[in-house]
Amino acid sequence: MPGPLNGMKVIDLSRVLAGPYCTMILGDMGAEVIKIESIDTGDETRGWGPPFVEGESAYYLCANRNKQGITLNLKSEQGIEILQKLVLGADVVVQNFKPGTLKRLGFDYDEMKKCNKGIILASISGFGSDGPYSHLPGYDYIIQAMSGLMSITGNKEAEPVKVGVAIADVLTGLYTCIGILGAIHHRNMTGEGQEVDISLFDSQLAAMVNVASNYLCSGQIPERLGNAHPNIVPYQVFTASDGDFVIAVGNDQQYRKLAVLLEDPSLLSQRYETNAGRLQYKGELVSRIAKKIKTKSRAEWKQLLDVAGIPNGPIHNVKEALESEQAISRNMIVDVKHPKIPDLKLVGSPLKFSKTAVNIDRHPPLFGEHTDEVLIKLGYSRSEIQAMKLNQII
C-alpha cells in the first residue's frame, strides 16, 4: 500500500539531525527522497560515534532511512547543473546551510523557482534568515541554552541541565515537516511554491508553551523545578519502598481519588480541594503524600493507582522503554534490511494511518550509494558519470 505522500519528490541537502529527521518523516510517508552529501565530508553524523555498526554510526542510522544517497560537489559548475536538473523534477528541497550559502552558490530560492515555479524550499538554520543572530551557526545545545529551556531544566540548587536528547533539532524537524505540508496545500490551491524559513531558536521558543505563557501573563521568570510541574500538583516523581515512579494528577477529581486511596484524611482538607490551593500549599502537601508513598512498592502502587484511574508510570531506562510490551505492540522497533549490517533495528514511525501505509523500504544509504543510479535517470551516460568522478564532481 503506498504512503500518503506517494508521488512527492524531495531533494535533501541537509545534514546532522533537524533536516534529515524531517526528510525521513516525509520518506516514511512515501515521498521519494534523494539525499545529497558533500563529496568531501558527507553528513557529519557519519562520524559521530561510537557506537558504529559495520562502519555506520548509530547517529546517522537514526535519521536517514527511506532515502537514496548521492554525493555532489556543489562548489562546481557541473554540480550545480545536476542540482538544477534534480530540482526541475522535484516538489521540495530541504537545506540547512548557513543563511546566504545557497545564494553564494548561485542557486537560492529565486534561482530555483526559475526552473520550477512550484518548488518549495524549506530552509533550516539556527536563528532564521534575518535578525542579529542570523549569521550564527545553529547547534542544539546552544539553542537549548539561549531559548530558556535549560533555565527551567534540572534542580533549582544545581546548574542548568540540557534535555538528554537533541530536542531543539527534533522539534525543528517536526515544524519543518508541518511547514512543508502547509506549503504543499497552498501550492495545490494556487500553483505557487514558496520558501519556508524555519529556525531552531524559533522552534524551541514555540515549544516552551505554558512556561513561556506563564511568564508573558505574570511577568514572573520561571525557575527550575526538578521533576515538579509549575502549574499542577501533585505531578512529579515519588519514591516507593523499592524505587521511584511518577504520579501525574491532572484534575481535582483525580486528586480526590488519590487522597482517598492514600487513606490520609488531612489530604481532603479544603485547602487542597482545587489545583490552585494545592499549588499554594505545595510543600506541605507533597511532603504528606511522599510519606504515604514510601509505605508500599512500585508494583503495589501501580496496581492501586491504575484501578483508581490515576495517571502513573515507572521510570524506564531506554532498554525497558523500547522493549516494553506497548512499544512492541505498536511496532516501534523495526527490522531493516541493510547491505552491510545483518540485523539492523531502528525505531519505528509513530504515524499510524488507517488508509495509507507507513513503510520502511530503504535502508539509510551508504555514502554515495545511489549516485550512479540517480544520474542515469537524469540522462547522464556511464562515460559522463565516470568523467565526473575523475573530476571530483561526484
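The following legends describe close-up views of a predicted model.

View 1. The strands follow the order 5-2-1-6-7-8, and their pairing is parallel. Strand 5 (68-71) and strand 8 (195-199) stand at the edges; each has a single partner strand, so one side of each is left without a neighbour in the sheet. On average, and with direction ignored, neighbouring strands of this sheet are turned by 20 degrees against each other.

**View 2. Pairing of strand 7 with strand 8.** Strand 7, formed by residues 120-125, pairs with strand 8 in the parallel sense, and five bridges join the two. Isoleucine 124 has isoleucine 198 of strand 8 opposite.

**View 3. Helix 1 across the sheet strands.** Helix 1, comprising residues 18-28, lies across strand 1 (9-12), strand 2 (32-37), strand 6 (92-95) and strand 7. The angle at which helix 1 runs to strand 1 is about 160 degrees.

**View 4. Helix 3 across the sheet strands.** Residues 77-88 make up helix 3, which lies across strand 1, strand 2, strand 5 and strand 6. Relative to strand 2, helix 3 runs at about 165 degrees.

View 5. Aspartate 108 belongs to the loop between helix 4 (101-104) and helix 5 (109-115). Its relative accessibility is 15%, and aspartate 108 therefore counts as buried, the cut-off being under 20%. When neighbours within four places in sequence are left aside, aspartate 108 is in contact with Leu102 and Lys103.

Technical notes:
Residues numbered from 1 in each chain as written. Predicted model: local features only at pLDDT ≥ 70, side-chain atom pairs only at ≥ 80, totals over all residues. Heavy atoms only, no water. Pairing = 2+ DSSP bridges. Helix = DSSP H or I, 4+ residues; strand = E, 2+ residues; numbered from the N terminus. Axes fitted to C-alpha atoms, helices over the stretch in contact; angles between N-to-C directions. Contact = heavy atoms within 4.5 Å. Buried < 20%, exposed > 50% of the residue type's maximum accessible area, 1.4 Å probe, protein only.
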